[in-house]
Amino acid sequence: MLGNKFNEGIILERLKNYIESTYVQHYGKGDIQTTEVTFDAGHGEGFCIGNIIKYAQRFGKKDGRNEKDLYKIIHYAVILLGQMDKEKEKEHREFEDHMQEGVD
C-alpha cells in the first residue's frame, strides 16, 4: 500500500474524490471550463500558479486550517502537470507527423 506513515493513501483518495467533485459543481457542468479557456489564451500556467499561491497564503487564515485549501493547491498543480503532459504529447505527435512527411 502507498505510504502509510503520513496517511498518504487516504489523503490521495480524498484528493481524488475532491477533484472528481469539482466536475459536478456549477463551474464544471459545461463542455468547456474556464481553466481550459485560460490555457487556450496562453495564460494557464500563470493562472494555476496564481491560484496555488492564493490558496497557500489563505490556508490558516480564512476558515482556519481548511484542508479544502490544500486540496485546491494540489488540484491546480495537477492541472498544470496534466497540461504540460498534453503539450509534450502534442510535440511528440507533431514531430512524428513531420518525420512521416519526410518519408512519404
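Two rings of Phe, Tyr or Trp (its six-membered ring) pair if their centres lie within 6.5 Å. Keep that in mind for the opening views of this predicted model.

**View 1. Ring pairs join Phe 47, Tyr 55 and Tyr 76 into a cluster.** A search through the whole structure turns up three aromatic pairs. Take Phe 47 and Tyr 76 to begin with: their ring centres sit 5.9 Å apart and the planes are at 80 degrees, so this pair is edge-to-face. Phe 47 is partly exposed at a relative accessible area of 28%, whereas Tyr 76 is buried at 16%.

**View 2. Tyr 55 and Tyr 76 make a stacked pair.** Here the rings are 6.3 Å centre to centre, with 15 degrees between the planes. Tyr 55 comes from helix α3 and Tyr 76 from helix α4, so the pair ties together parts that are 21 residues apart in sequence. Both tyrosines, Tyr 55 and Tyr 76, are buried.

**View 3. The largest nonpolar core takes in six residues.** Its members are Phe 39, Cys 48, Tyr 55, Ile 73, Tyr 76 and Leu 80. Helices α3 and α4 are the elements that give two or more residues to this core, and α4 gives the most, with three. Zoom in on Cys 48 and you find it touching Phe 39, Tyr 76, Ile 79 and Leu 80, leaving aside residues up to four places away in sequence.

**View 4. The largest pocket holds about 370 Å³ of space.** Its lining counts 13 residues, and those nearest the pocket centre are Tyr 23, Glu 36, Ile 79, Gln 83 and Lys 86. Helices α2 (34–40) and α4 each supply at least two residues of the lining. The largest share, six residues, comes from α4. Sort the lining by class and you get five nonpolar, five polar and three charged residues.

**View 5. His 75 is a buried residue of the model.** Look for His 75 in helix α4. Its relative accessible area is 9%. What does His 75 touch, not counting residues up to four places away in sequence? The contacts are Tyr 18, Ile 19, Thr 22 and Tyr 23.

**View 6. Asn 7 has a positive phi without being a glycine.** The angle is near 60 degrees. Asn 7 is found in the segment before α1 (8–22). At 43% relative accessibility, this asparagine counts as partly exposed.

**View 7. Asp 63 also has a positive phi, though it is not a glycine.** The value for Asp 63 is about 60 degrees. You'll find Asp 63 in the loop between α3 and α4. Is Asp 63 buried or exposed? With 60% relative accessibility, Asp 63 counts as exposed.

How values were computed:
Residues are numbered from 1 along each chain as its sequence is written. This is a predicted model: local features need pLDDT of at least 70, side-chain atom pairs count only at pLDDT 80 or more; totals for chains, interfaces and linings use all residues. Side-chain values use heavy atoms; hydrogens and water are left out. Rings of Phe, Tyr and Trp (its six-membered ring) pair if their centres lie within 6.5 Å; planes under 30 degrees apart count as stacked, over 60 as edge-to-face and the rest as tilted. Buried means under 20% relative accessible area, exposed over 50%, partly exposed in between (1.4 Å probe, protein chains only). Helices (H or I, at least four residues) and strands (E, at least two) are DSSP runs, numbered from the N terminus. On a 1 Å grid over the protein atoms alone, a cavity is a set of points where a 1.4 Å probe fits but cannot get out, and a pocket is an open set with protein on both sides within 12 Å along at least five of seven lines; lining residues have an atom within 4 Å of a point. Grid points are joined across faces, edges and corners, and a volume is the space filled by probe spheres set on the points. Ala, Val, Leu, Ile, Met, Phe, Trp, Tyr, Cys and Pro count as nonpolar, Asp, Glu, Lys and Arg as charged, and the others, Gly among them, as polar. A nonpolar core is a set of buried Ala, Val, Leu, Ile, Met, Phe, Trp, Tyr and Cys residues joined through side-chain atoms within 4.5 Å. Contact means heavy atoms within 4.5 Å.
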